[in-house]
Amino acid sequence: ISTHSVSGVSSSSKYFQTSRRVYKGLKDFGREFIDQELFNQSLDDWILENYGVDQVTGEQPFLKPPFLTDELRKLDLALEGVLFQQLFRMPCSPLASKSVKEDGYHALEDFLHVIVNGLWRTFWRKSGPLPFSLSCFHHPGSKFYAVEKAISRGRLEELRGLALISKNGNNLKVHWNQVVELVLFRQNILSGNELKLSVSTICEALFYGVHILISRCLSKSRTISDDSVFIMVFDSKFGAVIKLGGDLSKLELNTGDPYQSVAHWIKCHAEVLLSSVETIWNRLGNANWGDLGTLQVLLAAFYSIVQCNGPPRKSISSLASAHSLRLQKRRIECRLAENENAKIPYQQDGYQHGEIVELDHSDNPLVKNTSHLKLRQGEILLLEDQQQGQKSFQIQESFIGGNYFLYGAISLDYPTQLLTLYVGAHPSRLEPSWEDMSLWYQVQRQTKVLNILKHQGVSSKYLPEVIASGRILHPGPCKKQSPSGRCDHPWCGTPILVTLPVGEPLSYIVARDGPFSSDDALRCCRDCLVALRSAATASVQHGDISPENIIRVFNMQGTRHKVLYIPVSWGRAVLEDRDSPAINLQFSSSHALQHGKLCPASDAESLVYLLFFVTGGRMHPQDSIESALQWREKNWATRSIQQHLGEVSPLLKAFSDYVDSLCGTPYPVDYDIWVKRLNRAADGSGSADRGKMIEEVAMTLRLENVAESSGTSGGGT
């Protein structure tokens with residue numbers, strides 16, 4: 001047995017080149033390898049030695065499971081909210097009658113169809129035809145039948161199971177090399193009274209697994225990886241997963257006994273992984289969705305589809321990461337339900353009456369040691385918004401990175417939506433501290449920029465939205481002389497900004513999950529360009545594009561999970577020539593580093609550096625502007641950035657070439673053409689283009705209406 005692989009798909013999938021002689025030898029070998037009983041005799045002793053816990057020594061089995069517990073747990077989180085519904089019930093009768101077996105095959109077919117359809121719609125494509133079908137078989141090399149056709153022809157007793165078949169265009173003839181995964185259906189898969197597979201069940205699974213691998217090697221198209229295959233085994237209650245993999249070029253073809261040859265290959269050169277036997281169907285014949293048994297089956301089907309159709313558009317990790325947002329929403333819902341049903345009103349520890357209380361700030365530990373406002377989970381913040389009046393927010397969490405001035409909060413008026421709450425610096429502290437000055441950009445200036453975009457009719461789901469902005473109403477009496485004045489309280493006049501949506505910064509995602517896939521990188525580029533295009537209509541440039549300032553948001557609509565990448569932190573945006581952008585030695589444009597100003601393509605250049613970073617490009621820490629400029633000059637001159645992005649996507653390489661031609665010039669970026677190209681690449685159809693056109697028309701109409709109203713009123717900013 002080879003070393004246990006932690007992933008479902010082998011990283012060393014290599015096809016060995018077969019000459020005509022070897023091809024003919026392998027084909028003849030497959031024809032001779034037909035007697036399952038002889039194969040069982042060659043392998044059953046080895047299986048007995050290596051499978052199951054030793055009753056004397058208590059040693060664990062040598063045949064390891066195909067999946068790690070963390071893989072199954074992550075898949076469970078990724079599939080939250082995905083509906084799997086088996087309509088045909090698995091019969092639980094111990095009698096092996098014809099009607100019971102018919103019902104069993106119908107239930108198994110429905111079970112597998114639900115799994116494959118659910119995985120494909122969740123991870124690959126939400127619409128379009130399913131590129132798979134399910135057919136039954138009765139021996140290696142036999143023809144494939146639909147279950148109904150096999151039953152009508154009276155061949156039910158001969159059936160051994162079902163196969164997931166990859167469709168081959170309009171060709172209705174199915175070959176064994178099109179088998180994506182195989183499912184054996186037996187009356188009993190257990191070994192006596194023990195909850196483990198019988199030796200005959202394992203031997204039969206390996207027998208069919210070898211045939212599938214040989215068929216894939218003999219295939220001219222080789223659309224499915226030929227180094228491993230998943231075989232599932234079921235009876236009317238239990239199920240398990242077996243993975244067989246290995247290099248068939250090490251199979252001895254010239255021996256007189258093909259069964260001993262295959263047995264030797266399995267023992268010495270193959271990888272055999274066996275899952276635990278788990279309950280799949282309960283006493284009513286319903287599948288135990290979310291339990292360990294079905295999760296093993298789901299993950300085996302997932303990796304089998306990956307072998308056939310390539311990586312999914314959405315990874316398991318990306319969907320699983322949305323669990324924290326769903327968990328937060330559930331906590332809020334439960335807390336509100338408790339508050340509504342409680343006989344005694346809900347109070348935070350230390351609060352005496354109501355949700356908003358007055359405290360003597362001299363006794364408040366948050367005020368004694370610092371002039372900064374640091375909030376704790378559960379605290380209520382009262383905000384005075386000049387346009388909307390007083391609004392109350394409850395702190396839910398401090399965001400990633402230990403930033404005590406950036407929080408997740410809910411509005412007490414609309415408590416089901418998590419919001420981003422920025423806490424600024426007190427106006428009296430802006431001079432002595434650079435940290436406080438950065439907070440001024442984060443809160444006061446960002447509020448100004450977002451309001452300018454809003455007032456000019458610029459609205460997009462790829463831009464943050466201001467929910468409320470104003471100054472905090474501190475606990476205790478306020479002695480300010482005027483509405484715009486301040487009293488001696490250290491919190492008085494502290495600015496607050498509340499925005500939507502909430503997401504995770506790309507820097508955190510890359511550190512946790514690793515580099516982006518090609519699809520994720522294309523979507524990130526597309527979404528950021530749409531946001532920059534929208535801001536450009538109001539003559540606004542972001543000025544601080546970096547992984548910390550792009551967040552990933554899961555836009556959940558029913559069972560749909562759409563990922564959005566949204567630029568945030570617009571406080572360093574450039575509105576006019578005298579404005580200075582942020583200086584970031586890794587992500588700022590060359591023009592910004594040299595002149596302290598932006599050129600029209602500066603944001604696009606920073607976006608290229610961001611894409612280079614999130615797709616695994618090496619960015620060395622820079623200690624000066626000179627070294628940062630040298631790094632840019634060297635990598636653009638040697639085309640290292642374009643070459644790296646070209647390995648991710650040819651379209652990203654073309655985009656980086658385009659940006660390179662604009663760097664430092666007065667020419668603007670043609671956002672429209674690149675958004676259209678990225679739409680086609682990211683969504684795989686023209687439907688997104690049409691949606692974007694509608695959004696563009698709506699935005700244009702809003703801009704025209706604003707222009708008319710400002711022209712007649714004579715107002716301006």
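Predicted model: local features only at pLDDT ≥ 70, side-chain atom pairs only at ≥ 80, totals over all residues.
Let's start with R160: at 26% relative accessibility, this arginine counts as partly exposed. E204 sits in helix α6 (residues 199–218), while R160 belongs to the loop between α5 and β2 (161–166), so the pair ties together parts that are 44 residues apart in sequence. What about cover at the other end of the bridge? E204 is buried, with a relative accessible area of 0%.

Side chains of opposite charge can pair when their charged atoms come close. A search of the whole structure turns up 19 salt bridges, so let's look at a few others. E271 and K243 meet through their side chains at 3.8 Å, N to O. E271 is in strand β8 (residues 270–274) and K243 in strand β7 (residues 238–246), so this bridge links parts that are 28 residues apart in sequence. Are these two buried or exposed? Both E271 and K243 are buried.

Then there's R376, which forms a salt bridge with E379; the closest N and O atoms are 3.9 Å apart. The cutoff for a salt bridge is 4 Å, so this pair still qualifies at 3.9 Å. R376 is partly exposed, with a relative accessible area of 47%, whereas E379 counts as buried at 13% relative accessibility. Elsewhere, salt bridges that share partners join E504, R512, D513 and R552 into one network.

Now for charges that gather with their own kind. K143, K149, R153 and K173 form a patch of positive charge on the surface. Take K149 from that group: its place is in helix α5 (residues 147–152), and it is partly exposed, with a relative accessible area of 40%.

Of the 717 residues, 51% count as buried. The protein chain exposes about 34,500 Å², and carbon and sulfur atoms supply 50% of that area. How far along the sequence do the contacts reach? Among contacts between residues at least 6 apart in sequence, 68% join residues at least 24 apart. W46 has its place in helix α2 (residues 36–50) and is buried, with a relative accessible area of 11%.

Finally, some backbone details to check on screen. Which peptide bond is cis, with omega near 10 degrees? That's the one from L500 to P501. P501 lies in the loop between β15 (495–500) and β16 (504–505).

Two serines deserve a look as well. S539 has a positive phi of about 60 degrees although it is not a glycine, and you'll find it in the loop between α14 (518–536) and β17 (550–557). S569 also has a positive phi, of about 55 degrees, and is not a glycine either. Its place is the loop between β18 (560–567) and α15 (590–595). As for cover, S539 counts as exposed at 55% relative accessibility, but S569 counts as buried at 17%.

Key: Residues numbered from 1 in each chain as written. Heavy atoms only, no water. Patch = residues over 30% accessible without salt bridge, like charges linked within 9 Å, V, L, I, M, F, W, Y side chains within 5 Å. Areas by Shrake-Rupley, 256 points an atom, 1.4 Å probe, with all protein chains shown as cover. Lys, Arg positive; Asp, Glu negative; His and termini not counted. Charge placed at Lys NZ, Arg CZ, Asp CG, Glu CD. Helix = DSSP H or I, 4+ residues; strand = E, 2+ residues; numbered from the N terminus. Buried < 20%, exposed > 50% of the residue type's maximum accessible area, 1.4 Å probe, protein only. Contact = heavy atoms within 4.5 Å.
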